[in-house]
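Please keep the sequence and the model in view while working through them.

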Amino acid sequence: MSKDAVILTGAGQIGMAIARRVGYGKKIVIGDKRIQNAEAISKIMNEAGYDCEPMETDISSRASIKNIIAKAQEYGDITMLINAAGVSPSQAPIETILKVDLYGTAVLLEEVGKVIAKGGSGVTVSSQSGWRMPQLTAEEDMLLATTPTEELLNLEMLKPENIKDTLHAYQMAKRCNEKRVMAESVKWGERGARLNDIAPGIIVTPLALDEFNGPRGDFYKNMFAKCPAGRPGTADEVANVAELLMSNKGAFITGSTILIDGGATSSYYYGPLKPQN
Ligand SMILES: NC(=O)c1ccc[n+]([C@@H]2O[C@H](COP(=O)([O-])OP(=O)(O)OC[C@H]3O[C@@H](n4cnc5c(N)ncnc54)[C@H](O)[C@@H]3O)[C@@H](O)[C@H]2O)c1
């Protein structure tokens, strides 16, 4: 019997939490650059009654993205995309952050958007980081939203000499995710499908633990102390939002980015997290 198919890219805590919330009864193809991560999450989920298949996938490669789409289509129509693959500023150099988080996400949304089933929905995970930079110009936003994927990394604003450090690369990537989701959601809409983005604050996962232990560790401790929630978040709280976005209750929501950060961004602009100089 053919099943609805779900593509999950990024076999981390956030990806798994979302897949557990929306993927029961469906075939879930789990792609990760580190196959052992995909295998580990598949095992946990299969032992909890899900139907998962791990697959080595690199979202920074269009060919690899096409492979996971073809694999999912062997099982049925692709009705869901969950993209929680990414690298953080402490994990990778500028080029990798731009190639994976910015370009890879854009290609994934584009390729899945060509095949997503009617009634289908997708979420991608950006970050509160994208909300921290000064606003870009309307023209820059337009370029991030609509530049053909293969030309994205040639944009002047993304050239190495214009990217200060890995945090700046991450912020640009996450801002681009939001803009791509808006532009792609129009195309997904033509197929009767919806696409949204979740921008989490600090969520306790292996990626975040690398950040806590990295050069910006004190910055994070300060953020938890001074944000309204007073703590980091959990992957299951991100999954609460994804469930709303991907279910029928979210039928009127598409092209949106939902910020879920315990109020850290609000505090950054208007509270005790506001930069002093
Ligand atoms: N954890 C947080 O605090 C936090 C906050 C905001 C945004 N995010 C974003 O959420 C997403 C998921 O992060 P997480 O915290 O669950 O991290 P995680 O490290 O648990 O999971 C990320 C997964 O992506 C995989 N990956 C990396 N590069 C890849 C590639 N090229 N192709 C396929 N897979 C690749 C990694 O191997 C890893 O399994 C990321 O995009 C991250 O930027 C996380």
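**Exercise 1.** Which residues of the largest nonpolar core touch the most other members?

*Solution.* The structure is a predicted model. Its largest nonpolar core holds 75 residues, and those touching the most other members are Ile7, Ile18, Ala19, Ile30, Ile82, Val238 and Ala242. Helix H4 (residues 94–113) contributes the largest share of this core, with 11 residues. As a general matter, nonpolar side chains tend to be buried together in soluble globular proteins.

Next, take Ile30 and set aside its neighbours within four places in sequence. Among the residues then in contact with Ile30 are Leu8, Ala11, Ala38, Ile41 and Cys52.

**Exercise 2.** Determine how the buried residues of helix H9 (residues 235–246) are arranged.

*Solution.* Then list the buried residues of H9: Ala235, Val238, Ala239, Val241, Ala242, Leu245 and Met246. Viewed down the axis of H9, these fall within an arc of 160° and therefore line one face of the helix. The cover over them includes H1, strand S4 (78–83), strand S5 (121–125), strand S6 (194–200) and strand S7 (257–260).

**Exercise 3.** Describe the residues that surround the ligand.

*Solution.* The ligand is surrounded by 31 residues, of which Gly12, Ala85, Gly86, Thr205 and Leu207 are the closest. By type, the shell comprises 14 nonpolar, 13 polar and four charged residues. Finally, helix H1 (13–22), H4 and helix H7 (206–212) each supply at least two residues of this shell.

Terms used:
Residues are numbered from 1 along each chain as its sequence is written. This is a predicted model: local features need pLDDT of at least 70, side-chain atom pairs count only at pLDDT 80 or more; totals for chains, interfaces and linings use all residues. A nonpolar core is a set of buried Ala, Val, Leu, Ile, Met, Phe, Trp, Tyr and Cys residues joined through C-beta atoms within 7 Å. A residue is buried if 20 or more other C-beta atoms lie within 10 Å of its own, exposed if 12 or fewer, and partly exposed in between; C-beta atoms are placed from the backbone. Helices (H or I, at least four residues) and strands (E, at least two) are DSSP runs, numbered from the N terminus. Two residues are in contact if their C-beta atoms, placed from the backbone, lie within 7 Å. A residue is near a molecule or strand if its C-beta atom, placed from the backbone, lies within 6 Å of it. Ala, Val, Leu, Ile, Met, Phe, Trp, Tyr, Cys and Pro count as nonpolar, Asp, Glu, Lys and Arg as charged, and the others, Gly among them, as polar. The arc is that of the directions from the helix axis to the C-beta atoms.
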